[in-house]
Amino acid sequence: MDLRKTLISVLWILLLNLKEDCLAEEVVLLNSKETQAELGWTSYPPNGWEEISGVDEKYKPIRTYQVCNVMEPTQQNNWLQTGWVARRGGQRIFVELQFTLRDCNSIPGVAGTCKETFNLLYVESDRDLGGVTREDRYTKIDTIAADESFTQGDLGERKMKLNTEVREIGHLNRKGFHLAFQDVGACVALVAVRVYYKRCLATVQNLAVFPDTVAEAAFATLVEVRGTCVNNSEVDTDSPPRMHCSAEGEWLVPIGKCSCSAGYEEGHSSCEGAHLL
């Protein structure tokens with residue numbers, strides 16, 4: 001049984017049915033599905049993670065990674081490191097993983113070292129570190145497990161067992177970071193990796209303009225933002241316009257307002273010249 005060919009086959013089933021959502025308040029720093037050329041991430045050792053080609057639901061070529069050394073009798077330690085990701089001011093970074101994973105119990109003759117998890121890690125840096133760095137420099141984010149794993153029977157029936165997991169990185173101090181995926185003996189395909197942060201989009205409320213604002217790292221933290229009055233309006237000195245940007249990228253708690261200047265009347269988020277009868 002060629003497990004690598006089996007994994008590739010189930011990838012094609014998955015990729016033909018994937019759907020991608022795009023939320024306006026998410027600033028995407030990395031999306032592996034948007035790269036049709038080779039991703040060129042660093043894999044170590046050479047017989048570990050392997051980059052392969054696939055297609056998405058629109059038959060657009062995409063690149064994915066897989067590893068499946070579960071028949072090896074020795075403990076696995078295979079590393080895959082992404083390119084350098086500039087955080088571009090992001091304070092609370094989200095990592096969305098889409099992957100599929102083989103059920104160890106469904107593999108005849110599998111070694112006792114077979115696992116059904118892999119590790120997600122990161123390392124901060126102000127520049128591209130190039131190849132895989134020392135293991136002790138990485139910070140572990142979490143152990144990633146599949147809600148659903150696939151079997152040989154699922155493959156034959158063309159059933160999709162795609163898992164989506166989201167993890168967070170907070171309080172970053174450097175200009176960017178590398179993500180890393182450590183395989184310790186699983187049969188797993190990393191279908192897509194998307195990295196983003198959230199922001200409150202620019203808006204007009206109570207005749208005041210509030211600019212794009214990056215959400216803070218702490219979940220319960222609100223960023224107070226002062227608004228700027230629209231043209232032909234004046235600030236209420238007793239209650240200037242303010243709003244608060246939440247960690248989820250939502251505007252909350254509007255306070256204060258601006259008022260149209262003399263000779264102007266309020267229109268749709270603006271002050272327009274009054275019509276004289």
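Colleague: What volume does the largest cavity have?

Modeller: The largest cavity has a volume of about 30 Å³. This is a predicted model, in which local features need pLDDT of at least 70 and side-chain atom pairs count only at pLDDT 80 or more, while totals for chains, interfaces and linings use all residues. Residues are numbered from 1 along each chain as its sequence is written, and side-chain values use heavy atoms, with hydrogens and water left out.

Colleague: What counts as a cavity here?

Modeller: On a 1 Å grid over the protein atoms alone, a cavity is a set of points where a 1.4 Å probe fits but cannot get out, and lining residues have an atom within 4 Å of a point. Grid points are joined across faces, edges and corners, and the volume is the space filled by probe spheres set on the points.

Colleague: How many cavities of 30 Å³ or more are there by that rule?

Modeller: The count comes to one.

Colleague: Which residues line the largest cavity?

Modeller: The lining consists of Ser32, Leu39, Trp41, Arg63, Thr64, Tyr65, Leu190, Val191, Ala192 and Val193. Strand 4 (61-68) and strand 12 (187-200) are the elements that give two or more residues to this lining. Strands are DSSP runs of E with at least two residues, numbered from the N terminus.

Colleague: Which strand gives the most?

Modeller: Strand 12 does, with four residues. By class, the lining has seven nonpolar, two polar and one charged residues. Here Ala, Val, Leu, Ile, Met, Phe, Trp, Tyr, Cys and Pro count as nonpolar, Asp, Glu, Lys and Arg as charged, and the others, Gly among them, as polar.

Colleague: On to the rings. How many aromatic pairs does the whole structure have?

Modeller: The search finds six. Rings of Phe, Tyr and Trp (its six-membered ring) pair if their centres lie within 6.5 Å; planes under 30 degrees apart are stacked, over 60 edge-to-face and the rest tilted. Trp79 and Tyr138 form a tilted pair, at 4.8 Å centre to centre and 35° between the planes.

Colleague: Why does that pair tie together parts apart in sequence?

Modeller: Trp79 lies in strand 5 (residues 78-81) and Tyr138 in the loop between strand 8 (117-125) and strand 9 (139-145), so the pair links parts that are 59 residues apart in sequence.

Colleague: Is Trp79 buried or exposed?

Modeller: Trp79 is buried at 3% relative accessibility, and Tyr138 is buried at 8%. Buried means under 20% relative accessible area, exposed over 50%, and partly exposed in between (1.4 Å probe, protein chains only).

Colleague: What about Phe210 and Trp251?

Modeller: Their ring centres are 5.7 Å apart and their planes lie at 50°, so this pair is tilted. Phe210 belongs to strand 14 (residues 208-210) and Trp251 to strand 20 (residues 251-255), so the pair connects parts 41 residues apart in sequence. Both residues are buried.

Colleague: Which residues form an aromatic cluster?

Modeller: Trp41, Tyr65 and Phe181 form one. Trp41 and Tyr65 are also among the residues lining the largest cavity.

Colleague: Now the backbone. Which peptide bond is cis?

Modeller: The bond from Tyr44 to Pro45 is cis, with omega near -5°. Pro45 sits in the loop between strand 2 (42-44) and strand 3 (50-55).

Colleague: And what is the phi of His171?

Modeller: His171 has a positive phi of about 60° although it is not a glycine. The residue is in the loop between strand 10 (163-170) and strand 11 (176-183), and His171 is exposed, with a relative accessible area of 59%.

Note on methods: 1 Å grid on protein atoms, 1.4 Å probe; cavity = no way out; pocket = protein on both sides within 12 Å on 5 of 7 lines; lining within 4 Å.
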